[in-house]
Amino acid sequence: MSNIYLDVRGKACPQPVVETKKALDQVAEGMITVHLNAEPSAVNVSRFAISQGCTVTRKEEADGSITLEIIKGFSCEIPASQPTSTAVQPAGNLVIYINDQYMGKGDVQLGKILMKAFLKTLIEVSIKPRHLIFVNSAVYLTCAGSEELATITTLEQEGTTILSCGTCLDFYHLKDRLQVGQMSNMFEIASLLLEATQVVTP
């Protein structure tokens, strides 16, 4: 069994995820201990490790930092049964990349109307995106106060994964106002865009 310790305190997104991935790639079975001091990084590293089939245990340290113990390769837990869902499943690997809270260039009010119409249309069309990624000012759409929360929540309930850029949420001081979906990082966003069969930007 391999043991790796990573001290990624003070390292900016997505470096903690990148270093965790490199450590996981080095071992077939073992434990990676990751020491962090930022909540967004802890969330992103934990979510990435779980997506790779690992078990993650989180510990809050006395100095306010966070330790994640990531177990790869074996688990004593009995896998939970898959829940039965009647939700519509996304087709293909379509990613919609939204990089502004308004749609198109020109009048802001018109851009707001167009974005509302675009998001509502996604509910009606038969082909559902697998991921909906919000970056830059588009993260306002997934946060408290957005008029589009109900629409985006419906898309999530229908099977679309909603991701908001963590650096963008931090830049606009919106980390505590995220209402729908998950906070993401540039490593995950870049990977999803590169792996997508189709990327649509409204």
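Reader: Where is Leu 114 found?
Author: This is a predicted model. In it, Leu 114 is found in helix H3.

Reader: Is Leu 114 buried, partly exposed or exposed?
Author: Leu 114 counts as partly exposed, because its relative accessibility is 36%, and buried would require under 20%.

Reader: Which residues make the nonpolar surface patch?
Author: Leu 110, Ile 113 and Leu 114 make the patch, which covers about 260 Å².

Reader: Turning to the inside, how many residues does the largest nonpolar core have?
Author: The largest nonpolar core has 29 residues. Ile 98, Leu 119, Leu 132 and Phe 134 are those with the most contacts inside it.

Reader: Which elements give two or more residues to this core?
Author: The strands are S5 (94-98), S6 (131-134) and S7 (161-165). The helices are H3 (108-124), H4 (149-157), H5 (166-171) and H6 (186-195).

Reader: And which gives the most?
Author: H3 does, with four residues.

Reader: What is Phe 134 in contact with, leaving aside its neighbours within four places in sequence?
Author: Its contacts include Ile 98, Val 139, Leu 141 and Thr 142. Also among them are Ile 152, Ile 162, Leu 163, Ser 164 and Cys 165.

Reader: Let us look at H4. Which of its residues are buried?
Author: In H4, Leu 149, Thr 151, Ile 152 and Leu 155 are buried. They lie on the same side of H4, because they cover an arc of only 165° around the axis.

Reader: What covers those buried residues of H4?
Author: The cover includes H3, S6 and S7.

Reader: Which residues are exposed on the other side of H4?
Author: Ala 150 and Gln 157 are exposed there.

Reader: What follows H4?
Author: Gly 159 follows H4, and its phi is positive, near 115°.

Reader: A change of topic: where does Lys 22 lie?
Author: Lys 22 lies in helix H1, which spans residues 15-26.

Reader: Why does Lys 22 count as exposed?
Author: Lys 22 has a relative accessible area of 52%, and exposed means over 50%.

Reader: How many residues apart in sequence are Lys 22 and Thr 153?
Author: Lys 22 and Thr 153 are 131 residues apart in sequence, and 34 Å apart in space from C-alpha to C-alpha.

Definitions and conventions
Residues are numbered from 1 along each chain as its sequence is written. This is a predicted model: local features need pLDDT of at least 70, side-chain atom pairs count only at pLDDT 80 or more; totals for chains, interfaces and linings use all residues. Side-chain values use heavy atoms; hydrogens and water are left out. A nonpolar core is a set of buried Ala, Val, Leu, Ile, Met, Phe, Trp, Tyr and Cys residues joined through side-chain atoms within 4.5 Å. Buried means under 20% relative accessible area, exposed over 50%, partly exposed in between (1.4 Å probe, protein chains only). Contact means heavy atoms within 4.5 Å. The arc is that of the directions from the helix axis to the C-beta atoms. Patches are made of residues with over 30% relative accessible area and no salt bridge: like charges are joined within 9 Å, nonpolar side chains (Val, Leu, Ile, Met, Phe, Trp, Tyr) within 5 Å. Accessible areas come from the Shrake-Rupley method with a 1.4 Å probe; for residues, only the protein chains shown count as cover. A salt bridge is a side-chain nitrogen of Lys or Arg within 4 Å of a carboxyl oxygen of Asp or Glu.
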